[in-house]
Structures are given as C-alpha cells and as structure tokens.
Amino acid sequence: MTGFARAVAEHEGTAIAWEVKSVNGKSVEVRLRLPQGFERLEPAVRQTLQKRFARGNFQATLTIGRAAGAQAQPVVNEVFLKDLAGLAKRLQEQFGVAPATSDGLLSLRGVLDIPETVETEEVRAALDIAIMAALEVALKGLEQARQGEGAALALLLAGHIDAIEALTLRAEADPSRETAAIRERLAEQVRLLMDASANLDASRLHMEAAFLATKADIREEIDRLKTHVASGRALLEGGGAVGRKLDFLAQEFNRESNTLCSKSNAATVTAIGLELKAVVDQFREQIQNLE
C-alpha cells in the first residue's frame, strides 16, 4: 500500500522534521536516512515501523536543524581584540596604513567565536524522545493515508468476490449438471463405443462411464468455492491486516477453479471455469497492494 506523511516539531531550539512514505511490499522493509550523529535511533525507528505495519516498503527521512529564532550567542575575546586594536593603531601611526575597522577586526580568527552546545546525556535523551514523538505523528498520518487506499481496495476486492460467487452459482446451475443431461451424455458415449466395436461388454462400459461421471462431478469444488467466498467477505468486513490471509485465500480460489476446469466434461462449465480463473487472477493481483 502506498502513502506519504510529514511531521514537524521543535525541541529546545532544535527543529525536527520526519518524512515517511510507503509502497507495496509482501513484508515490512525499512530504509532510513538519518543525519550524522543520529544513527543511534535506527533500531528504535525500525522497531516502531515493524510493530505498526504488517506489509510494505518504507522510507523514513529525518531532518534536524536549528529552529527559527534560536541562535547561539557569540562570544568575543575582548583581551585579544584589544591587543589587535592597539597593534593596528601603532601600524597606522608608524607606517601610515589605513585605520582598522570593527568588522575587519571581528572577522579575524580567534576574536569572535560561536560556541557549540555541550550535549549531555540528559539533553540527548530528551531530544531523542522528542524525535520519536514526532515520528509517531508522521506514522499516524501515513497510517491514515494507507487506510484510505485500503478502503478503496476493499470495495474492489468485494466486487471480485461477488464475481467469483456469481460464476460459482452459474456453474452449479449449468444444465449440463442435470441428471437427465448426464444420463443422455453417458448413453451417447456408450453407444458410440458399441458401434465402433461389437465385442465390447455393454454392462462393463456402463459401469466405467458411471465411474468417470462420478469423478467428473464438481459438487465438492462448488461447495468449497462457496465457503471461500464467505471467508473472503468475513475477512474484508473484519478489517485489520488481512493481506496475508487473503493471499492464501486467493491460492485456494485458484486451486478450485483449476480443478473445476480439469474435471469439467461440458464446454459451458469449462468456459465458466476459465472466466473464474481470470477473476481470481485479478483478485490475487489486487491483494498484493493490501496490508
């Protein structure tokens, strides 16, 4: 399932931004892009994604910066600046050089310094908590986006299940399965064989034909297809992460449709079986997009 979400937060002058997106996948695969120094969060981020989602390829990107208006206070080395100003004045008096300017003096190395923030374990832990909280917000948005797509897929899958049921009922009601039609078909086959060779035992042929007709009966396949239809509807109505269960159900649909085609001894039922296989293939393809 696909989706995208973004969440931003601020903590003690630090700007936090998460971008997460997902595409279809049979299992949970996570790719992370974390700033240098934040690799420590990778296990926790992976675990959070794997607990929340059952299927999909995910990419999560963390951006860390300085919050707007949060600037470190510069520190001026006044003693060094005073010495440089005195030196500049002597050079001006002795050699006639141009007088030093304030911005020129401040630009010299060692005069002006912006100190780096000293990060203690407590500060780091508090920042990590804020980052993970922002990730939860982003994942909630991603989950909502995926749920919206899932609702649309559920309607599509329900339509496929309806089509499977309709084809199953058509196969069940096909005239070729009526007793009179089966009796007539068997009689015609025995008659053709007897005409081809007078030495054949008619009673034996009738027994063999009846046995083959029994093996060709598709009652069990129809009953199992009906059961699978009911199971599919129950899974869709129940919601949750049902992608794997529906994937297994699609395999069962496919198995029954194959058996129906192989056992069919009527062109009309074979045609229904082939149409059923096409619908099952469409059903199985769409399930790959469902969590």
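## Lys245 and its helix

Lys245 is located in helix α8. The coordinates belong to a predicted model. Lys245 is exposed, because its relative accessible area of 52% lies over the 50% cut-off. Between the C-alpha atoms of Lys245 and Ser231 the distance in space is 9.8 Å, with 14 residues separating the two in sequence.

Helix α8 covers residues 243-263, which is 21 residues.

## The α4 and α7 pair

Two of these partners, α4 and α7, also meet each other. Their axes come within 10 Å and cross at roughly 160°. That angle is over 145 degrees, and α4 and α7 are therefore roughly antiparallel to each other. The crossing is left-handed.

On the α4 side, the contact involves Ala154, Leu157, Ala158, Ile161, Asp162, Ile164, Glu165, Thr168, Leu169, Ala171 and Glu172. Helix α7 contributes Arg219, Ile222, Leu225, Lys226, Val229, Gly232, Arg233 and Leu236. By class, the residues of this contact comprise 11 nonpolar, 2 polar and 6 charged.

## Gln47 in helix α1

Helix α1 (residues 42-52) contains Gln47. Is Gln47 buried, exposed or partly exposed? Its relative accessibility is 44%, a value between the 20% and 50% cut-offs, so Gln47 counts as partly exposed. In sequence, Gln47 and Val30 are 17 residues apart, while their C-alpha atoms are 9.7 Å apart in space.

## The chain as a whole

The chain has 291 residues, of which 33% count as buried. Its secondary structure amounts to 9 helices and 6 strands. Among contacts in the chain with a separation of 6 or more, 78% join residues 24 or more positions apart.

Technical notes: Residues numbered from 1 in each chain as written. Predicted model: local features only at pLDDT ≥ 70, side-chain atom pairs only at ≥ 80, totals over all residues. Heavy atoms only, no water. Helix = DSSP H or I, 4+ residues; strand = E, 2+ residues; numbered from the N terminus. Expected span 1.5 Å × (residues − 1). Axes fitted to C-alpha atoms, helices over the stretch in contact; angles between N-to-C directions. Parallel < 35°, antiparallel > 145°, perpendicular 65-115°, else oblique. Left-handed = near helix turned anticlockwise from the far one by under 90°. Contact = heavy atoms within 4.5 Å. Nonpolar A, V, L, I, M, F, W, Y, C, P; charged D, E, K, R; others polar. Buried < 20%, exposed > 50% of the residue type's maximum accessible area, 1.4 Å probe, protein only.
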